[in-house]
Amino acid sequence: IDVFLARSLLEKLYLFQYPIRPASMTYDDVTHLSAKIKPKQQKVELEMAIDTLNPNYCRSKGEQIALNVDGTCTDETSTYSSKLMDKQTFCSSQAASNVSRYAAAVYKKGELHLTPLHGILQLRPSFTYLDKADAKHREREAANEGGDSSQDEAEDDVKQITVRFSRPETEQARQRRVQSYEFLQKRQAEEHWVHLHYYGLKDSRSEHERQYLFSQGHGLAENTELIKSPSEYLMMLMPPSVEEENDKPMAPSNVLSMAQLRTLPLADQIKILMKNVKVMPFANLMSLLGSGTDSTAVLRCIQQVAMLVQGNWVVKSDVLYPKDTSSPHSGVPAEVLCRGRDFVMWKFTQDRWVVRKEVAAVTKLCPEDVKDFLEHMSVARINKGWEFMLPYDEDFVKKHPDIVQRQHMLWMGIQAKLEKVYNLLKEHLTPKKQEAQSAHPLLVSGEQRVNMAKAKVKQNYGQLEKEFQKQKAEIKSNDTSAKMDVSNIRIKEEPVSDEEPMDTSAYGGMNNGIVNGLHAEEDSIDSLNGHLPGGCIDRVAQELKAFVSSTFKKQFVLTLSELKRLFNLHLASLPPGHTLFSGISDKMLQDMVLDTGCKQILVPFPPQTAASPDELKVYALWEAGDTYDQHRQVLLEIFSKNYRVRRNVIQNQLSQECGEDLNKQEVDRVLKDCCVSYGGMWYLKGTVQS
C-alpha cells in the first residue's frame, strides 16, 4: 500500500471527541448553533440544539431549568428564550499533551493518505447555566433585603477608604505570582474567542475541505520525506518520547535494581544502599556490592555517608534530610531534624535501649518525627522501649580497631555539640548500668533464683558466724549484768531444703549480709544467728520503731506487703553488721506498727479478690499530730465500711463529721495522704485490684 503525507491541513486539523448521545439521536439530528475557539489554548466551545420533540426529552424538567436560569421575564440576555432548555453547551479539554505521533488517515483506491493532527479535544457538557441561576437568586435576595430601608442607602453613600502603597515586587515574588493558578486563569481569560461557522456533513464546503485530506502531488519528487529506509520511516512515524526519557530515573529509589546499581560509581552505590536500608552490618554491605570489591575502598566510602553504632553502620542524618528540606509531619527544617536524629544515634552508642519520651523531652520534636528516627534503627518492645535492631557486631570491631577509634572520636565531637544545644544533664550522658543490672534477674528462671539464693546462704555462712562473735564480744563488754553461757550458744544453720519457702525476689541479690529481711513465721523470734541477748533486743526495737514511725508519717496508709517491701529496701541501705540484720518476724513488725499509734483498717475486700494475705492487712497512722488528723480518721472510717468510694460521697461525709465546708485543696490533701484514684473511684493505698 502506497502511503502519502498530506500537508494542506497541517497545523489546522483537530479531532473532536463527542460525549455519547442517546440511541434515538443520530448525528444528523444534532444542530450546531454556534462554535468558537481560543487557538493558543486549543479550547473550543460548541452550542448544540437539543431535540425537545424527542420522546426521551423531559419537558417539565426543561421548563424548570429555564425558569431557574432566566426567571419569569425574558429579554436579550436570557439563556433560553423559548422558556425551555432547548440547547446545551460543550466545552473542550486536551485529551493528550503531545499529539505529534497521531494522524488522520484516509484510504482510497489502494492509497493511504496521512494528515498530522494538531490537537485532540474532548468535549464535555458545560454547566455554567447553573452558576447563572445561583447568581440571579443571590441578586434577588440582595434586592429584597436592600430595598426595605432608605436609611441604609443613604449610609452606603459614605464609605471609608483605606489607601495602601504597594511595595516593589521582588523577582522571586514575581515568579511565584506568574506561576500561581489565579494568574494563569487570568491570562487564559484575556485571550479572545474566535467565532467559527459550522458546516454540516453533506455541505458543499465540507466536501471541498475534505479533499485536503488527500495528498495534492503524487510524484516522488514532491514526497522526498517518504524516500527513507524502513527503519528511518518507522522512526519518523514513532519517534522516541522525550517525556519517557526524562522521566526515567537515573538511580534506583524504592526498589533497587542490582544490575543498574552496579553500573554506578562505588560511592553512589554505597550511598543509595545505605539511604534505603538505613542500618547494615559491614559484611552484608560487602555481599551486596558483589565479589571483587575492595574492602578498603568500601570503608573509605562508607564513612562519608554513615556512622558506626554498636559495630553496625547507620546512615548519616544529613543524607536522609538534605539541606533546604523540611519534615513532612511538622515542617521543621532539616537542620533541626538532623540534630534530633543524631541524638537518637548517639543514645544507641551508649545503650541498646532508648525511651521515646526521653528523646521527645530532650529534642522538643513532634512525636511523629521522633517515631521516624527510632523506626530507622530500632524495634519497639512492649513495656521496655526501643531496642537497636541489630546485634553488636564484635567481628567488625575486632578486625578494624582503627575505624572504631576514629568513629569514637567523631561521636565525642557530636556529643559535645549535643551538650551545648540540648543542655544535657549527667543522667543523659551516662549509660544506665544500674538499671540494666536490676533488670537482668527478670531473665532468670525461678529455679535458678532459688539455687542462687541457696549458694549465697552457704557463701555468707562464715561471714555471719564472724559477725556474731564480734557482736557477742561487744555485748559482753557493755552489758556485764547479762551473763551468758558461751557453751550454750549455737550457730543456727540456715536450712537449704526445697520444702521451706525462701524469698527469691530482687532483694535477695543485694549484697548486704542478709538472705531474707523478714521471716514468715508468726511465732518465731529467732534470728539468723540464734537467740538475741536482752540488750540487743532493746536496740533492735528502737531501730524498728524509728523505721516504722518515719515510714507511716510519710505514707499514712500501707499494706503489710508494701511495708515489708519498704523494710527490705531499708535493710539494703544499711551497712553490714547492723542490729536490724538479727532478723525481724512478721509478728514483731505488726506489733511495732500497732505500738507506734497505727490501727488496722478492716477494708471489706470483694469476695473474688486475688490479693495475698499480706495485701489484705491494711494499717494506717491514726494520729499524726497535725490539723488533718480528724479528717483522715473520718476517711478511714468510711473505708472500713466500703472497698471503694466516690469523691462526692467522701466530701459530703467530711463536711458532716467535721462541721465545716472544706475547700477543694483540703479534700485533695486528705485524699492524697491516704487514697489513690482509679476509674473514677477512690481506694485506700495498696488496695486497688486489677
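I looked up the largest pocket first, and about 1,300 Å³ of space lies in it. I work on a predicted model, where local features need pLDDT of at least 70, side-chain atom pairs count only at pLDDT 80 or more, and totals for chains, interfaces and linings use all residues. Residues are numbered from 1 along each chain as its sequence is written, and side-chain values use heavy atoms, without hydrogens and water.

I noted the terms. A pocket is an open set of points on a 1 Å grid over the protein atoms alone, where a 1.4 Å probe fits, with protein on both sides within 12 Å along at least five of seven lines; lining residues have an atom within 4 Å of a point.

Which residues lie nearest the centre of the largest pocket? I found Leu13, Tyr14, Phe16, Tyr199 and Glu209, out of 27 lining residues. Helix H6 gives the most to this lining, with four residues. I sorted the lining into 18 nonpolar, five polar and four charged residues.

Next I checked the whole chain. I counted 28 helices and 22 strands (DSSP runs; helices H or I, at least four residues; strands E, at least two). Of the 690 residues, 33% are buried, meaning under 20% relative accessible area with a 1.4 Å probe.

Last, I turned to glutamate 419. I found glutamate 419 in helix H18, residues 401-422. Is glutamate 419 buried, partly exposed or exposed? Glutamate 419 is partly exposed, because its relative accessible area is 30%, between the 20% limit for buried and the 50% limit for exposed. Glutamate 419 and phenylalanine 343 are 76 residues apart in sequence and 9.9 Å apart in space, C-alpha to C-alpha.

Methods. Grid points are joined across faces, edges and corners, and a volume is the space filled by probe spheres set on the points. Ala, Val, Leu, Ile, Met, Phe, Trp, Tyr, Cys and Pro count as nonpolar, Asp, Glu, Lys and Arg as charged, and the others, Gly among them, as polar.
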